[in-house]
Amino acid sequence: MKRLFIVAVVAILVASMVPVHSQGGVTFNVGMQDEPKTMNPFQAQDVWDWHVLTYFYEGLVTYRPIDFKIVPNVALEVPEVSSDILDYTVKLRDDVYWSDGKPLTAHDYALFGNMVKEFQIGRYLSSWEFVETVEALDDYTLHFVLSECRVTFIEGTLMSLPIPSHIWEPKLAEFRAAENPTKAVQEYQPVEPDEILSCGPLIFMEWQRGSYVKSKKNPNYFDTGRTHVYDDGTQLVLGPYFDYIVYRIYDTTDAAILGLKKGEIDYIWWAIQPGYVSDLLADPNVTVTNNPENGMRYMAFNCAREPFSDVAFRQAVATLVDRDFIQERVLQNYGEALYSVVPPGNRQWYNTEVKKWGYGQPMTERVPEAVNILKQTGNYSWDVEPTVEEGVVVPGEGMKYKGEYIKPFVILTPPADYDPLRAMSGMLIQEWLKQIGLPVTAQPTAFGTIVQKAMGERDYDMFVLGWSLTIYPDYLRDFFHSSQIMEYGYNIPQYSNPEFDRLADDLVTCGPRGEKIQAAFRLQEYLANELPYIPLFAPAAVEAYRNDHFSGWFDELDGISDSIVYIKPVVTPEETPAPAAEEKEAEGDGPCLGTLFVVLAVIGGSTVYLKRRN
Amino acid sequence: MSMQKYIVKRIFQIFLTLIIIMTIMFILFRMMPGDPTAFMLDTRMTPEHKAIIRAQFGLDKPIWYQYLFYLRNFFRGNFGRSFYYARPVYDLVKEKLPATILLWTGAYIISYSLGITLGKIIAWRRGGKLEFGSTLFGLFFYCMPIFWVGLIALWIFSYKFGFFPLGGLKGPDVWSDPSSGMLLKAYDVLKHVTLPLSVLTLAFFAGSMLVMRTSMLETLREDYIMTARAKGLPEKTIRDRHAARNAMLPVVTTFAIAVAGSVGGGVLTETTFSYPGLGKMIVDATLTFDYPLAQASFLFIALLVLVANLVADILYAYLDPRIVY
Amino acid sequence: MEEQKPRTKWEARIQQWKKSWEMYKENKIGLVGIGLLVFFFVFAVLGFVMPHIDPIYHPMTGFDPFIVSKSPPSITHLLGTDFWGRDIMSQLMSGAQIAFLIGLTAAVVAVAIGTTVGLVSGYYGGTTDTLLMRTVDIVLTLPFLPLIIVVSAAVGKQSIWVLVLIIALLSWGGISRVIRSQTLSLKQRPFVEAARVAGATDARIIFRHIGPNVLPLSFLYMSFLVLGAILTEAGVSYLGLGDPTRVSWGIMLQWCRTTGSTFTWYWMLPPGLCITLMTLSFYLIGRAVDEIVNPRLRKR
Amino acid sequence: MPLLDVQDLTKLFALKGGLFQKQTNYVHAVEDVSFQIEKGESFGLAGESGCGKTTCGKLLVRLIDPTEGHIYFKGEDIAYLKGSALKEFRKNVQMIFQDPYESLNPRFSIMDTIAEPLIIQDIGTPEEREELVANALKTVDLNPPEDFIFRFPHELSGGQRQRIAVARALVINPEFIVADEPMSMLDVSIRAGVMNLLLELKERFNLTLVFVTHDLAVARYMCNRVAIMYVGKMVELAETEELIGNPYHPYTKALLSAVPVPDPKEKRERIELRGRVPTPINPAPGCRFAPRCEYAKDICAQQDPVLTEVESGHWIACFQRG
């Protein structure tokens with residue numbers, strides 16, 4: 001027995017020393033934290049799916065990188081929109097082809113829109129529900145008739161993806177015949193390269209479930225070489241400049257970080273925790289970037305319950321929540337204290353002038369101010385009023401609202417594993433609110449439970465969650481419009497203000513951008529004063545890449561991932577040994593011999609062992 | 001009762017236990033307050049659209065209907081569709097099961113052989129340095145949190161020395177190359193599995209070693225050992241043929257009990273090493289509220305445990321000819 | 001060795017304890033275990049004292065005003081600080097408290113359930129026995145950690161007591177089997193019959209006569225259960241299903257991981273080492289007790 | 001009125017069958033046993049091991065429940081008592097067990113052990129109980145009581161333990177005691193001491209003693225009357241001297257021939273029993289002894305002999321004489 005083990009251990013150790021060969025051509029390796037779930041664009045929902053799929057489809061119009069200006073893509077130009085025009089015709093380029101050589105046509109876009117509407121694909125419906133009809137007048141002309149002109153016509157509908165109609169059309173009959181057509185569409189699982197066509201910069205090659213996905217450069221990509229010129233003189237020239245991209249799965253950030261340092265991957269495609277930064281900075285081959293995310297973390301009140309329904313109460317709480325402390329300590333300055341619902345990273349839309357409760361004040365000033373706000377209403381009283389004595393806050397006791405003691409209430413926070421920052425913030429807020437005598441506890445709760453209680457049952461006092469946001473802040477309407485007060489509606493705090501509603505409705509209809517920005521600013525002011533949400537912080541996307549393999553990364557809102565099709569290899573392809581086949585053969589021998597050795601050793605060892613036994 | 005009859009009876013018991021576990025699972029998961037649609041939140045999705053999605057997953061049906069549906073599907077070998085992957089759970093389990101079996105059974109076989117061998121030796125040479133050393137070594141790993149050992153191992157062997165890959169089961173370089181032969185692929189898997197397998201083995205072997213030691217010490221007091229010695233048989237023969245074989249019985253018994261408790265080590269190991277097995281899948285599925293997937297992975301883990309129990313019982317009968325069923 | 005004859009009940013008990021201790025003292029491994037345990041106990045008690053010396057030593061809210069991010073060992077922070085500038089040593093002390101709390105509570109509850117089930121099952125026999133033992137069979141084949149993961153997620157609330165309860169409810173199976181077989185042999189013993197002749201009720205026989213006689217065995221299993229509970233809590237917390245409002249060693253490792261500090265040695269090594277040593281101490285104690293309770297294991 | 005009047009006492013033990021086995025088998029441990037015991041009497045139950053004598057003794061103290069029959073204690077049927085009535089009855093009876101190493105709870109101090117009946121019957125305050133326990137210890141010649149009261153059984157010798165067992169039996173002043181071979185596990189040297197103690201106490205407290213033994217010599221020394229049992233049945237019952245001097249039943253004769261005789265001059269024929277002891281599981285009808293009886297007739301295999309009084313006070317169950 002023992003001999004067998006020694007042989008096996010030696011064999012494994014020897015095997016581990018044998019190098020693995022690499023493939024010819026320039027490969028860009030990215031690390032992903034989870035595998036893609038599907039290659040079906042109707043089902044694809046998480047970021048890992050889209051990290052792969054996003055390079056296969058080209059919208060009619062698109063945001064250009066960095067400043068998010070809307071530019072034409074497959075469409076020849078961006079249509080002018082106005083709230084009183086409901087009929088639009090869009091002309092398409094005629095030089096775009098699918099990876100199987102078939103041309104990309106207006107039918108491919110129309111089919112997508114019509115399928116979304118016919119099969120009720122929930123995640124795309126909001127971009128298509130106001131579209132009465134969409135049809136291809138000819139191969140390169142699309143015609144839309146709208147029931148109402150919304151901003152999402154351009155920043156949603158026209159950014160929708162095309163699907164190869166010669167692949168999908170023959171399947172329609174089968175989908176329609178299914179018991180549940182919507183499900184049938186979503187359950188279709190393409191896995192082979194001839195089912196997953198691309199008209200974008202990359203072409204799908206293979207998918208080894210649980211391990212990696214591989215795509216290659218599209219040699220016929222219509223947009224290669226496109227140049228964006230910016231006001232500050234920088235230029236971006238569209239690639240891609242690598243031959244292959246391999247999406248490798250690393251379940252933990254630790255493994256990915258090590259992979260990056262070892263050179264297994266060139267880029268970790270998710271925001272890493274700031275704790276890794278100091279370690280990474282020590283490695284000269286690794287660069288760490290820090291960009292604002294278009295997202296926000298907030299604490300919501302249940303405005304249908306007392307005393308949370310009281311604006312003064314919410315203002316007092318906002319005064320007590322030391323967002324500077326959160327930024328400095330909890331976020332370690334990776335991220336920004338937030339006072340408006342629109343994050344500062346979304347520069348065009350962010351109102352810098354909103355009221356910043358308690359900004360820059362120490363706790364010894366915040367407490368008296370909060371007490372002051374509350375006392376002005378005449379509704380609040382204390383058994384022991386909170387005071388500040390010799391620079392130390394003496395917490396209040398027995399706080400009353402309208403003559404009755406405030407009942408203990410709970411802040412639901414996500415668990416540490418989901419987001420340690422929010423869990424930590426919740427705990428700090430609990431301590432701060434206790435300073436004025438509020439009987440509050442922070443309760444870490446499973447994410448699903450919070451959503452169910454907050455969005456479904458509306459059974460909560462306060463909770464801490466977050467949103468990932470869009471560039472156009474139409475969410476200002478969704479989150480706070482009184483029409484969204486319903487089960488699973490988005491107005492979770494149940495905030496209701498007719499004036500706000502009117503202004504918010506205005507925000508989502510088509511019109512000149514300047515007017516819309518003004519409306520968004522007004523809405524942000526309303527929210528900063530009435531505080532259905534207390535915005536806590538805007539997180540940062542801290543990312544890391546290897547600077548010795550590819551260069552040309554650029555920063556923008558939400559991180560550097562848009563750079564992928566713009567980055568250039570640092571080592572030119574000529575420098576790597578060219579004849580790939582030869583090298584493969586030479587290196588291929590090593591592992592084969594190693595394996596052979598292992599097998600022989602194991603067989604030999606077992607024979608010796610068995611002989612001994614007998 | 002004949003052996004076959006016994007096995008049939010045990011399989012029936014396994015089946016019954018599974019149904020009970022399934023029912024518990026169902027109740028548990030329906031009690032779970034989370035809503036799978038929560039993970040498809042999209043700032044631009046309206047409540048009506050969410051309702052459509054809920055209906056698609058059958059979440060709008062009454063609970064008894066969902067239960068019957070669930071049982072019916074189970075008997076048809078259909079475990080439903082994963083919310084998160086939107087694929088049949090059966091396919092997902094089928095993908096992950098071989099990896100898990102490779103890792104877990106590998107670790108059990110190696111650690112138990114190692115434990116039994118060492119236990120035998122240290123009991124035979126009681127009080128030696130080997131006993132002290134291996135007991136201390138084994139106990140340390142036995143008491144260490146396995147994920148912590150895993151992280152340290154990952155750091156030293158994968159990162160510092162680069163002996164092994166950092167995670168996963170298949171390396172893209174080998175598997176994406178059509179010219180890679182079977183041997184090369186096998187070798188690649190071996191490289192990936194070595195580190196998690198070693199960590200799991202280290203965590204497991206102390207248990208079997210100590211039980212073997214105790215049981216061996218007891219066996220060595222039996223009269224037939226004295227008889228064997230009196231006959232002048234060689235020491236090794238007495239140790240291996242006479243004592244060890246009998247001393248192995250309690251090890252097998254404790255294996256049956258320990259296996260249910262020790263799969264946790266497997267789950268944590270898989271998670272630490274990003275090993276694409278059932279253990280990692282159950283953690284991921286639970287954290288994403290993927291009811292069908294978490295249920296199925298749990299059921300399959302339970303099934304693995306039950307089968308391991310059955311194997312232990314059969315092994316017991318094989319080792320102890322006195323047992324008549 | 002004829003010792004003083006005890007004159008009161010308490011003297012008698014103390015004498016019994018002393019004798020057991022004499023026996024225990026012979027066992028070197030057991031002494032190491034006790035030593036470690038005492039160390040952790042003192043450590044845990046210190047944890048209550050530290051925040052009163054200086055609030056920066058509060059494990060949860062002790063943000064050092066001068067240290068804003070993780071820092072290696074220094075004079076004020078002997079083991080360094082965590083990501084948010086809190087003292088790691090104080091957190092380890094708090095972790096020791098939690099480990100004792102979880103380990104002992106879960107073990108006591110599990111031992112209580114297991115012993116009671118074993119006693120009742122063994123004493124009454126018949127259908128009760130069959131039902132209980134089939135339940136035990138199922139409990140024993142439930143994969144432990146996966147079920148805890150699933151259950152604690154199902155419960156939704158992440159509280160340490162929920163975790164303790166789940167651990168306890170899933171780990172009594174083994175004990176009840178052992179206690180049942182002991183009870184089966186004990187209930188045949190004439191002292192039980194003698195009690196019955198005197199009119200003792202079933203409850204009295206179970207809890208006064210049989211119970212105390214199986215107790216050493218229960219204690220033995222308890223030490224292994226404590227070990228299991230501590231390791232389980234660490235694992236569950238590490239996976240992110242623990243209670244983040246209390247600083248346990250598992251939560252420390254979870255913080256260490258989720259803030260991206262896995263390879264920060266002064267933060268990552270101590271909690272793991274503490275878990276190892278504390279579980280080891282319980283294991284060693286259990287082993288020592290085992291050698292005393294099972295005379296078969298004593299040295300030749 | 002006799003203190004104890006036993007009528008047709010029967011105890012069957014069900015044997016566990018398989019789950020799907022319809023028929024249940026019974027062990028006929030004690031079957032249709034009847035006898036009376038007068039107050040102050042010392043009554044012996046004798047027979048080979050497995051004959052049901054211990055079961056019978058346990059039935060008398062209601063340690064186990066009878067299947068059929070009646071036990072009249074002072075005229076009251078106690079065979080089927082339950083709850084508080086049974087507890088009340090337990091004040092009057094005690095049992096002393098065979099093995100003093102097993103009959104004392106190793107976790108109980110001597111105080112706990114002896115005081116237990118008092119606690120259960122709720123007699124006296126804790127102080128009074130300590131007094132009673134000390135007295136009981138004195139009664140069984142364990143002096144001074146303080147040396148013993150807080151010790152544990154494993155610190156005592158076998159003889160001392162059996163005395164403790166006796167003390168426990170006596171502490172609530174029972175009217176009758178069943179002693180189940182209390183000497184068999186003791187060294188021969190201390191047996192006499194315990195026997196004499198029992199006899200002495202019986203006289204002193206006017207106890208009624210049921211003495212279960214396999215040893216007729218012991219029975220002769222201890223008992224006024226002896227009943228012989230064979231495979232659950234009572235075969236002969238008489239005054240001790242009468243039974244030994246003038247046995248009627250073939251089984252008794254065989255049994256007596258095996259008893260060593262103190263006087264070597266007295267010659268006695270040794271009767272060898274042939275054949276197997278019949279199993280008590282679902283026994284065949286007829287006399288249980290018939291298969292081994294050299295006098296067996298046809299009727300013996302068909303009909304059960306009834307215990308009949310053949311001479312004054314001498315009962316046998318045999319067709320030879322009956």
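**Figure 1. Chain B is built from helices.** Chain B has 12 helices and 0 strands, where helices (H or I, at least four residues) and strands (E, at least two) are DSSP runs, numbered from the N terminus. Read from the N terminus on, its elements go α-α-α-α-α-α-α-α-α-α-α-α. What you see here is a predicted model, in which local features need pLDDT of at least 70 and side-chain atom pairs count only at pLDDT 80 or more, while totals for chains, interfaces and linings use all residues; side-chain values use heavy atoms, with hydrogens and water left out, residues are numbered from 1 along each chain as its sequence is written, and chains are lettered from A and ligands numbered from 1 in the order in which they are written. For the model, ipTM is 0.77 and pTM is 0.80.

Figure 2. Among the 325 residues of chain B, 58% are buried; buried means under 20% relative accessible area, exposed over 50%, and partly exposed in between (1.4 Å probe, protein chains only). Of the contacts in chain B with a separation of 6 or more, 75% are between residues 24 or more positions apart, a contact being heavy atoms within 4.5 Å.

**Figure 3. Zoom in on helix α11 of chain B.** This helix covers residues 278-287 and is mostly covered, with 8 of its 10 residues buried. Among the buried ones are L278(B), M281(B), I282(B) and V283(B), and K280(B) is also on the list. Just after α11(B) comes F289(B), with a positive phi of about 60°.

**Figure 4. Chain A holds an open sheet of 3 strands.** The strand order is β4-β6-β5 (chain A), with antiparallel pairing. At the edges are β4 (87-91) and β5 (131-138) of chain A, each pairing on one side only. From one strand to the next, the twist averages 20°. Strands β5(A) and β6 (residues 141-146) of chain A share 6 bridges in the antiparallel sense; two strands pair if DSSP finds at least two bridges between them. One bridge partner to look for is L142(A) in β6(A), which partners A136(A). Helix α3 (residues 106-118) of chain A lies across β5 and β6 of chain A and runs at about 155° to β5(A). Axes are lines fitted to C-alpha atoms, for helices over the stretch in contact, and angles run from 0 to 180 degrees between N-to-C directions.

**Figure 5. Meet the disulfide of chain A.** The whole structure contains 1 disulfide over all chains, a disulfide being a pair of cysteine sulfur atoms within 2.5 Å. The bond joins C149(A) to C510(A), at S to S 2.0 Å. C149(A) sits in the loop between β6 and α5 (165-168) of chain A, and C510(A) in the loop between α16 (498-508) and α17 (513-530) of chain A, 361 residues apart. The torsion about the S-S bond of C149(A) and C510(A) is about -75°, so the disulfide is left-handed. C149(A) is buried at a relative accessible area of 3%, and C510(A) is buried at 5%.
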